[in-house]
Amino acid sequence: MSLPQLSPQLLDQQPELLPNHGKLLALPEKIIQFGTGVLLRGLPDYFVNKANAQGIFNGRIVVVKSTSTGGTDAFSEQQNVFSHSIRGIENGRQIDETVINTSISRTLAASGDWADILECAHNSQLNIVISNTTEVGIQLVDDDIFASPPVSFPGKLTAYLFERFKAFNGAPESGMVIVPTELIVGNGPKLKAIVLEQASRHSLGEAFMDWLEQHNHFCSSLVDRIVPGKPDTETVETLSEKQGFRDDLLIVSEVYRLWAIEGGQQVRDVLSFAQADKGVVIEPNIDLFRELKLRLLNGTHTLASGLSFLHGLDTVREAMENAETAQFIADVMLKELAPAIPYDVDPAQAQEFGGQVLDRFRNPFIRHQLIDITVQYTAKMKMRNIPTLLNHYRQSEEVPALFAKGFAAFLRFMKPTVHKDNAYYGERDGQPYSIRCDSAAYFDEKWKNAASPVDLAQQVLSDVSLWDTDLTLLPGFAEAVKGYMTEPVATGTSTL
């Protein structure tokens, strides 16, 4: 017998699945969220849903999708209700639970529903913006904020805020709390600067500029929770049987969660959902949280993903079950990255955090695909790891050999063998894999023109336009990377 699909109607028929669901589904809209990705649904939306269940925040989320294809269909069919499987270890206790999330009220496509999105700016209760548009989403581009819609996320946000300013005649209380979650250092101030620049370029007026500056809070934030992409078929089938319904929007995450947000009391008052879970931290300065997460968890992911994938492994868990890659992951994190974090961190705290990260990587329930970690691989390498590498050399001239090995694997991974339909593919064991990186064309050209893998490494390492520095000037680093470029990654899996 086929299982019913999760929806408000199913909750009506089986109220035991979610008591008080009618009340939760009737809550007013208080947040507009740019992005439908699993990270947003597994962390910010999780916190909002939890707060609603406790009667604290009592608000729902309007989600903006960048295109009119894909996820909106599933959201429409289930009327935005989805389930969230949380599995892992917390305080020595195994957790395996499912939460039905009703925090999303509507899902709108920017390309087709722009007028409806701008209408949200007229809602006085809707005073929070959340975003996750990947690391390359917060960029200043030549945009038209009067288009339907503007091209970039900052352009869309500028248009939205201008609409709100006009709707409330620039009233101070109409200002918003804007919390980007893109993994960029200082994502709040960077987004604010781009919005102000777009306002200036479009001559939106001094009054609007003053309102942006004085009455809107652009809060830096960081998110930390492993929420893999679409679960595999086996996981979906197992969880569907357990839950008693089918869910095309199902997400799976670990137990650990952290959303650190930079702000004061006014931000705390608006983001009242933070009271519902200790995983939301609102502090005047979140640099420590950011550095630990960015350099150890994300940095290790970036250095290990290509290497592990080219070893024939597909998930982080498999990498932790393989003796060679598991040793690499632990050693590069604790011996090379942790001591070189470019921030004043207590070494004991860095080691403790690193140990927690390793436990999270070992989570038997999570199937975090290595190929997903390589999305925007070059930007991630630059932002997550290059500052740590440079700081290592400020402290020592000893070559970070494991870092060099991970970097060489990155260069190998970024070797396209096929280019079709404006997409690039590498090859592992005779099978293609997708290179989803804005620098794929750059590497395609470099690999085609390089005399050898060693020559390729020399060219890329010395490219100041790519790294903002010449990495060949670091004593011994280029030589170490070149050495690994001449070695096979693993039997039958070398891409060279």
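Which residues does Ser85 touch, not counting residues up to four places away in sequence? The legends below take up this question and then turn to other close-up views.

The model is predicted: local features need pLDDT of at least 70 and side-chain atom pairs count only at pLDDT 80 or more, whereas totals for chains, interfaces and linings use all residues. Residues are numbered from 1 along each chain as its sequence is written, and side-chain values use heavy atoms, with hydrogens and water left out.

View 1. Helices (H or I, at least four residues) and strands (E, at least two) are DSSP runs numbered from the N terminus. Ser85 is buried, with a relative accessible area of 0%; buried means under 20%, exposed over 50% and partly exposed in between, for a 1.4 Å probe and protein chains only. Leaving aside residues up to four places away in sequence, Ser85 touches Glu97, Thr98, Leu239, Leu250, Ile251, Val252 and Ser253, contact being heavy atoms within 4.5 Å.

**View 2. The open sheet of three strands in the order 4-3-10, with mixed pairing.** Two strands pair if DSSP finds at least two bridges between them. Strand 4 and strand 10 (251-253) stand at the edges, each with a single partner strand, so one side of each has no neighbour in the sheet. On average, neighbouring strands are turned by 15° against each other, direction ignored. Strand 3 (residues 82-90) and strand 4 (residues 93-101) are antiparallel over nine bridges, and Ile89 has Gln94 of strand 4 as its bridge partner. Strand 3 and strand 10 run parallel and are joined by three bridges; here His84 is partnered by Ile251 of strand 10. The hairpin of strand 3 and strand 4 has two residues between the strands, and in it Asn91 takes a positive phi near 55°.

**View 3. Helices lying across the strands.** Helix 4 (residues 44-53) lies across strand 3 and strand 4, at about 80° to strand 4. Helix 10 (residues 233-243) lies across strand 3, strand 4 and strand 10, and runs at about 100° to strand 3. Axes are lines fitted to C-alpha atoms, for helices over the stretch in contact, and angles run from 0 to 180 degrees between N-to-C directions.

**View 4. Packing of helix 14 (residues 323-337) on helix 15 (residues 347-361).** The two helices pack at an angle of about 160°, with their axes 10 Å apart. Helix 14 is therefore roughly antiparallel to helix 15, a term for angles over 145 degrees. The contact is made by Ile329, Ala330, Met333 and Leu334 of helix 14, together with Gln351, Gly354, Gly355, Val357, Leu358 and Phe361 of helix 15.

**View 5. Burial of helix 22 (residues 477-485).** The buried residues of this helix are Phe477, Ala478, Ala480, Val481, Lys482 and Met485. Their cover includes helix 17 (377-395), helix 18 (401-413), helix 19 (440-449) and helix 20 (453-461).

**View 6. Backbone features in loops.** Ser148 and Pro149 are joined by a cis peptide bond with omega about 5°, and Pro149 is found in the loop between strand 6 (128-131) and helix 7 (153-167). Gln79, in the loop between helix 5 (71-77) and strand 3, has a positive phi near 50° and is partly exposed, with a relative accessible area of 35%. Asn169, in the loop between helix 7 and strand 7 (177-180), has a positive phi near 55° and is exposed, with a relative accessible area of 71%.

Notes
Parallel < 35°, antiparallel > 145°, perpendicular 65-115°, else oblique.
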